[in-house]
Amino acid sequence: MKGYRSRAREAALKALYQLDITGDDPEQGLRIFFRHHKIPLNSQSFVSQLVQGTREHLDEIDRVVSLHATNWTLDRMAIVDRNVLRLGAYELLYTSE
């Protein structure tokens, strides 16, 4: 059984995917996302933190990912792969946990 943080990370990845496709403002995109997906209230703040933090640091994260993605550009990566890397990089670089 998955823990609350694992499920929240999955939801954050889905939200980041949606934002990558739509280009919506993160706050507006999250409101739409939460309206259409059943995310428990106790997970929504963690999902929001992950999504907003990733989007807030997107330029720096993309620069770091691009530096290490040998023979790949971000626009050539599958949207899911790109956002998995972004989310992971955000947690590694900008969170203390």
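Predicted model: local features only at pLDDT ≥ 70, side-chain atom pairs only at ≥ 80, totals over all residues.
Residues are numbered from 1 along each chain as its sequence is written, and side-chain values use heavy atoms, with hydrogens and water left out.

So what is the chain built from? It has five helices and zero strands, and from the N terminus the order reads α-α-α-α-α. (Helices are DSSP runs of H or I with at least four residues, strands are E runs of at least two, and both are numbered from the N terminus.) The radius of gyration is 13 Å, close to the 13 Å from the globule rule for 97 residues, so the chain is as compact as a globular protein of that length. That radius is taken over C-alpha atoms, and the rule is 2.2 Å times the number of residues to the power 0.38.

Here are some whole-chain values:

| Property of the protein chain | Value |
|---|---|
| Share of the 97 residues that is buried | 37% |

Buried means under 20% relative accessible area, exposed means over 50%, and partly exposed is in between (1.4 Å probe, protein chains only).

Now zoom in on Ser 6, which sits in helix α1 (residues 4–22). Is Ser 6 buried, partly exposed or exposed? Its relative accessibility is 36%, so Ser 6 counts as partly exposed. Ser 43 is 37 residues away along the chain, and the C-alpha atoms of Ser 6 and Ser 43 are 9.9 Å apart.
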